[in-house]
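The entries follow the order in which I looked them up.

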Amino acid sequence: MTTDKCNIYIQSENRTISVEAGQTLLEALVGAGVLLRADCGGRGRCGKCKIRIIEPGSVDSENELPESGALTREEIEDGYRLGCRLDVTGDMAVGIPESSMLTPEVAQKGPTTLPDTIPVFRAAAAPFGIAVDLGTTTIALYLCDLNIGKVVSSISLRNPQVMLGDDVMSRITSVSQNPGTLKRLQKMAVKAIEWGVDSLCRSSDVDPHTIDTMVIVGNSTMVHLFLGQDPSSIGVFPYEPLFKDERSVTAGSLGLTFNPDTAVRTLPLISGFLGADIIGAALAVDLGNKAEGTLLADVGTNGEIIFLGKNGFSATSCATGPAFEGASIRHGMHAISGAIDAVKVDAQTGRAICSVIQKNPKQPKKVSGLCGSGVVSAVAELYRAGLILKDGRFNAKAAPDLFQYEEELPEYILAPAGETLSGNAVTLTQKDIRAIQLAKGALYAGIQMLCSEKGYERPSRLLIAGAFGSYIDKEDALTIGMFPALPSDHIEIVGNAAGAGAVLTLFDDNYRKKAQALVRDTEVLELALHPDFQDIFIKSLAFP
Ligand code: FES
């Protein structure tokens, strides 16, 4: 890749940024701290990253045809292009419409699930701290008042790194193939966090200079990328991270500008695929004091599972992929306005009745796509209605008018063209169902294998954590077989426990010691290489 520099003049901000050529305009802007919406993660589908090109006068980009649905003919004639489809090849001048900018209104209020009583053990030198759950797909931030031990406000946004790869393996591969990518990924994470901090401080009238400490949890690859450390070793046998210990640096050394002196801490890692996020989640749910047989699964783009057996903790990971968070899904999006978050099928007609997130009731209710809980809900409901078969294929013959076809493959219509923002139907595709099957199959197989390796038939209790976790319906998850069929009251959805662990560590330094003890006391099992894993995984793909 060329490392030529190009200048981009941003008219709306009256400033010029210098960026590397060869990346998309969207990547370049996000890397410079100009956070655009990019609801579809740079796939050219949502149309939210539209930018007006002022100079040069004529540019070509993919998806510029109005038929793509992302831009109208008038917009194209007015010089609008999709930032995610346009490569930076020379100097440019651009105008960014307000509607393309990420704003707190379009980000999501972060899910907070915290123990009822949060102990406060220290008198803070400065009043505020920030806890961050840096996920592969979703970043959740919590502004915390350290004096009174309270989360003041929270927000979550899509990790802009998805533009350079949906999952950790694809990001590791891009870093291994092009060392320049590490810097770009690190900058994207830093700028997204900075944007989140700024939004939280503004909404709560807090001076960002008073932020004393920041605690970050995330999977091992995310922690490496955030700290600017090469995660390549995690991608090759024996999948070891470059470091496992907790790290403590200053915000300024990472490029965070709100207060360069803020102490930034990352919790320790267990292994290449068991990161600071599962540690944070285990601390938050106080796993050590749960009953024998309790299993905690932190479900993100990578599933991390920790089990409390009679001989202590054991843990494994499974590659669930980003489907549960609405990514890698044809019309998938973050859980923001316009996203379908739950689906019911009309028993008479078989048509979908969708619940759609709408932050501003005054705006017309238009569907943009579906978020993680919406995808799981749609698959579960269509399976219950007999429109999806046990093996995951659509039963389109039963009701052909409920489907549209692309390249002869059926797609179930969730919202017809007239009800959507783009003017194209929002659908559930066969590939989407496949992505959910692969995700739930991996999670189910991971849970079963970990239990049987430790001599248990199944867990006695299940705690399901994840940024998506607060919104997922337990019955839907059981319908599609995401985890073993335990009685419903033995399954608890605990929300973003990893983020809660970061919050607790902010409030009480003792949690750092507890995190280290957890790393030391946890046995790691690499089950993906186990001879039985593939068999259980394949069997888990079908719906129960
Ligand atoms: S991010 Fe460019 S169209 Fe969605």
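I note at the outset that the model is predicted.

**Entry 1: the crossing of H7 and H12.** I looked up its handedness and found it right-handed. The residues in contact are Ile279, Ala282 and Leu283 from H7, with Tyr511, Lys514, Ala515, Leu518 and Val519 from H12. I sorted this contact by class and recorded seven nonpolar residues, no polar ones and one charged. For the geometry, I find helix H7 (residues 276-284) packed against helix H12 (residues 510-521) at about 115°, the axes lying 10 Å apart. I therefore class H7 and H12 as roughly perpendicular.

**Entry 2: H7 against H11.** I then turned to helix H11 (residues 497-507), whose axis comes within 6 Å of that of H7 and crosses it at roughly 75°. H7 is thus roughly perpendicular to H11 as well. On the H7 side I list Asp277, Gly280, Ala281, Leu283 and Ala284; they meet Ala497, Ala498, Ala500, Gly501, Leu504 and Thr505 of H11. The class count for this contact is seven nonpolar, three polar and one charged.

**Entry 3: H4.** I asked what span the 25 residues of helix H4 (residues 180-204) should have at 1.5 Å a residue. I next checked burial: 18 of the 25 residues of H4 are buried, so the helix is largely enclosed by the rest of the structure. Finally, I inspected the residue that follows H4, namely Asp205, and noted a positive phi near 55°.

Key. Residues are numbered from 1 along each chain as its sequence is written. This is a predicted model: local features need pLDDT of at least 70, side-chain atom pairs count only at pLDDT 80 or more; totals for chains, interfaces and linings use all residues. Side-chain values use heavy atoms; hydrogens and water are left out. Helices (H or I, at least four residues) and strands (E, at least two) are DSSP runs, numbered from the N terminus. The expected span of a helix is 1.5 Å times one less than its number of residues. Buried means under 20% relative accessible area, exposed over 50%, partly exposed in between (1.4 Å probe, protein chains only). Axes are lines fitted to C-alpha atoms, for helices over the stretch in contact, and angles run from 0 to 180 degrees between N-to-C directions. Angles under 35 degrees count as roughly parallel, over 145 as roughly antiparallel, 65 to 115 as roughly perpendicular and the rest as oblique. A crossing is left-handed if the near helix is turned anticlockwise from the far one by less than a right angle, and right-handed if clockwise. Contact means heavy atoms within 4.5 Å. Ala, Val, Leu, Ile, Met, Phe, Trp, Tyr, Cys and Pro count as nonpolar, Asp, Glu, Lys and Arg as charged, and the others, Gly among them, as polar.
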